[in-house]
Amino acid sequence: MTARRVGVALRRLAGFEGAGLVSLWLWVRRRRHGVPESATAVPYAGAVALTMVMFLVVSIVELVAVEILLRAIGAPAPLRHGILIVDAYGVLIALAVIAATVTRPHVIGPDEIRVRSAAFLDVRVPRRLVTEVRCATTTSRAPSSSTVTR
């Protein structure tokens, strides 16, 4: 991997984390990102909430378990504190991802449809290109002839 590609990857990662932290701030303030008055928000957080909360709980349990283990083996304080900081940051990012799913819903506006997945994906589709919309409760179905695959 070249230095340029590493730089691009690091910038994207920093962008995701920054957007997640902004979402955490919006969540605390009970606001949404990118939903104008003329648009309809279509939330999806409920569909992913259980998985996200499980990640959060596992992160917290891991933080406590590693601290107990490191104290039991007599690890030096600087090592324990460093690992504690990294684990706490992981908990913060898990909270940020949960916040991003709540504060960044799909949006149906007068000119476009925004399909989003937390802070990781934001696809804008012009409404003139949409010919059919239907509710799908599963994602394992084979694509139909009307499904766009690119």
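The protein chain averages a pLDDT of 89, and 90% of its residues score at least 70. The model is predicted. Among the elements of the protein chain, helix α1 (residues 3-28) has the lowest mean pLDDT, 92. Helix α3 (residues 77-103) has the highest, 95. Where pLDDT is low, the predicted coordinates should not be read in detail.

**The helix pair**

Helix α2 spans residues 45-72. It packs against α3 at an angle of about 170 degrees, and the two axes lie 9 Å apart. Angles over 145 degrees count as roughly antiparallel, so α2 is roughly antiparallel to α3. What classes of residue make up the contact of α2 with α3? The contact has 18 nonpolar residues, 2 polar residues and 5 charged residues.

**The sheet**

Four strands form an open sheet. Their order is β1-β2-β3-β4, and the pairing is antiparallel. The edge strands are β1 (40-42) and β4, each of which pairs on one side only. On average, neighbouring strands of this sheet are turned by 20 degrees against each other, direction ignored.

Strand β2 covers residues 106-108 and strand β3 covers residues 112-117. They run antiparallel and are joined by 2 bridges. Ile108 stands opposite Ile113 in β3. A hairpin is formed by β2 and β3, with 3 residues between them.

Strand β4 takes in residues 121-126. It runs antiparallel to β3, and 6 bridges join the two. Ser117 has Leu121 in β4 as its bridge partner. Glu112 has Pro126 in β4 as its bridge partner. Here too there is a hairpin: β3 and β4 have 3 residues between them.

**The turn and the aromatic pair**

Ala118 sits in the turn of the β3-β4 hairpin. Its phi is near 50 degrees, a positive value in a residue other than glycine. Is Ala118 buried or exposed? Its relative accessible area is 5%, so Ala118 counts as buried, the cut-off being under 20%.

The loop between β3 and β4 also holds Phe120. How many aromatic pairs does the structure hold? There is 1. Phe16 and Phe120 form it, with 5.3 Å centre to centre and 75 degrees between the planes. The pair is edge-to-face, as planes over 60 degrees apart count as such.

Why does this pair tie together parts that are 104 residues apart in sequence? Phe16 lies in helix α1, whereas Phe120 lies in the loop between β3 and β4. Phe16 is partly exposed, at 25% relative accessibility. Phe120 is partly exposed as well, with a relative accessible area of 45%.

**The loop between α1 and β1**

Arg30 lies in the loop between α1 and β1. Its phi is near 60 degrees, a positive value in a residue other than glycine. Arg30 counts as exposed because its relative accessibility is 78%, and the cut-off is over 50%.

Glu37 lies in the loop between α1 and β1. It is exposed, with a relative accessible area of 83%. How many Å apart in space are Glu37 and Ser59? They are 37 Å apart, C-alpha to C-alpha. In sequence, Glu37 and Ser59 are 22 residues apart.

**Accessibility of the residues discussed**

| Residue | Relative accessible area | Class |
|---|---|---|
| Phe16 | 25% | partly exposed |
| Arg30 | 78% | exposed |
| Glu37 | 83% | exposed |
| Ala118 | 5% | buried |
| Phe120 | 45% | partly exposed |

How values were computed: Residues numbered from 1 in each chain as written. Predicted model: local features only at pLDDT ≥ 70, side-chain atom pairs only at ≥ 80, totals over all residues. Heavy atoms only, no water. Pairing = 2+ DSSP bridges. Axes fitted to C-alpha atoms, helices over the stretch in contact; angles between N-to-C directions. pLDDT = per-residue confidence, 0-100. Parallel < 35°, antiparallel > 145°, perpendicular 65-115°, else oblique. Nonpolar A, V, L, I, M, F, W, Y, C, P; charged D, E, K, R; others polar. Phe/Tyr/Trp six-rings, centres within 6.5 Å; stacked < 30°, edge-to-face > 60°. Buried < 20%, exposed > 50% of the residue type's maximum accessible area, 1.4 Å probe, protein only.
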